[in-house]
Amino acid sequence: MKILGIGNSLVDMLCRLPNENVIEKYNLPKGGMQLIDDNLALQISNDIKHLECQFVAGGSAANTTSGLANLGAETSFLGKIGNDEVGNYFEADLVKSGIEAQMIRSSLPTGRCISLISPDSERTMCTCLGATGTFSAEDIKPEYFKGADVCHIGGYLVQNHDLIEKVMQTAKEAGVKVSLDLASYNVVEENFDFMHHLAKNYVDIAFANEDEGHAFTKCEDLKRACEIMSEDIEVAIVKCGAKGVWTKRGDEIAFVEGLKGRNCIDTTGAGDLFASGYLYGLLSTNDITVAAKYGAIVGGNIVEHIGTKMPAEVWANIKTAFSKI
């Protein structure tokens, strides 16, 4: 199997907050993602500079691709970065993870994402796109898709309609299945009609969390939301956090419980890493129930770590857990 990840190339600044004052001060959508400019990024950074912060290479699709690489899949990532040290760090982190780095360079600074982790472990993201904000339809070439079985796309790209549609069109022309993470409930709400256009015309696999599933289907019942998604999409996944996940393909529908007894300290990347496990399971077993169990295992482990990276011994334990399914 080979998975091509395409998405925003960002370096994450992860910060645990003692309270939600900063989120309230700037009227940020808690649990969502807000695009911000350089000035607001500086203001927020100044407000949290006294707190301990961690820097890691990130971006939703890059996180999923990294998880797949750690599971042993052949991977590639396409994105846009700056000609700066932060961009060099991002590319080196991909290569270190065993990912083929297909990076387009820009004169703008590399993008950054401030991830604010509330005391309840929820993460609120503020993204300053920089170079990745100039990622365009003109950057997409057929050769980037060569040899891929699945193209996994970070849903934040949906804010650039021409770009994401060109990515999906090119993937389809190359015979590559399209996997889409719905990204954030506010992104779905702001692009509702276009999201449904993509689902009807291009998407083969779609990942939504509870809020995104509701935003996309206007349905509170998660099983029914999964069923509605599957009307246009071959494989639909609606995640309910630690409660579990619904997944549907054709006449098959399954519910898989989340891992129990997790010491949740940070939900950053939980959905991204769930997608890593699910895609790995789907491509290696073609069984949606097994895929959901794989996803639950990986997603259940990442919440016990700050950020989106886990030590090698944790990945070894995850693979052992896979072998017992």
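User: How many cavities of 30 Å³ or more does the structure hold?

Analyst: Rolling a probe the size of a water molecule over the atoms shows where empty space is left. On a 1 Å grid over the protein atoms alone, a cavity is a set of points where a 1.4 Å probe fits but cannot get out, and its lining residues have an atom within 4 Å of a point. Grid points are joined across faces, edges and corners, and a volume is the space filled by probe spheres set on the points. The structure holds one cavity of 30 Å³ or more, and the volume of the largest cavity is about 40 Å³. This is a predicted model, in which local features need pLDDT of at least 70 and side-chain atom pairs count only at pLDDT 80 or more, while totals for chains, interfaces and linings use all residues. Residues are numbered from 1 along each chain as its sequence is written, and side-chain values use heavy atoms, with hydrogens and water left out.

User: Which residues line the largest cavity, and how many are nonpolar, polar or charged?

Analyst: The classes are as follows: Ala, Val, Leu, Ile, Met, Phe, Trp, Tyr, Cys and Pro count as nonpolar, Asp, Glu, Lys and Arg as charged, and the others, Gly among them, as polar. The largest cavity is lined by L180, L182, M195, A199, V203, A206, F216, M229 and I233. Its lining has nine nonpolar residues, with no polar and no charged ones.

User: How many residues of strand β1 are buried, and where do its side chains point?

Analyst: In a regular strand the side chains alternate between the two faces of the sheet. Strands (E, at least two residues) and helices (H or I, at least four) are DSSP runs, numbered from the N terminus. Buried means under 20% relative accessible area, exposed over 50%, and partly exposed in between (1.4 Å probe, protein chains only). In β1, five of the five residues are buried, so the strand is largely enclosed by the rest of the structure. K2, L4 and I6 lie on one side, I3 and G5 on the other, and all are buried.

User: Which strands pair with β1?

Analyst: Two strands pair if DSSP finds at least two bridges between them. β1 pairs in the parallel sense with strand β5 (residues 74–82) over five bridges, and with strand β9 (residues 150–154), also parallel, over four bridges. K2 has E74 as its bridge partner in β5; the C-alpha atoms of K2 and E74 are 4.7 Å apart, although the two residues are 72 apart in sequence. On the β9 side, I6 stands opposite I153.

User: Which residues touch the most other members of the largest nonpolar core?

Analyst: A nonpolar core is a set of buried Ala, Val, Leu, Ile, Met, Phe, Trp, Tyr and Cys residues joined through side-chain atoms within 4.5 Å. The largest has 48 residues, of which I6, F145, C151, I153, I164 and M168 touch the most other members. Helix α5 (residues 161–173) gives the largest share of this core, five residues. Apart from it lies another core, of 33 residues, including F207, V235, V245 and W315.

User: V235 also belongs to a strand; how is β12 covered, and what are its neighbours?

Analyst: Strand β12 (residues 235–239) is mostly covered, with five of its five residues buried. V235, I237 and K239 point one way and A236 and V238 the other. β12 pairs in the parallel sense with strand β11 (residues 205–209) over five bridges, where I205 stands opposite V235. With strand β13 (residues 245–249), β12 runs antiparallel, joined by five bridges; R249 is the partner of V235 there. The hairpin of β12 and β13 has five residues between the strands, and in it G241 takes a positive phi near 60°.

User: Which residues other than glycine have a positive phi, and are they buried or exposed?

Analyst: Two cases may be described. S121 has a positive phi of about 75° and is found in the loop between β7 (111–117) and β8 (123–128). S121 counts as buried, at 5% relative accessibility. K218, with phi near 60°, lies in the loop between α8 (210–217) and α9 (222–229). K218 is exposed, with a relative accessible area of 55%.

Note on methods
On a 1 Å grid over the protein atoms alone, a cavity is a set of points where a 1.4 Å probe fits but cannot get out, and a pocket is an open set with protein on both sides within 12 Å along at least five of seven lines; lining residues have an atom within 4 Å of a point.
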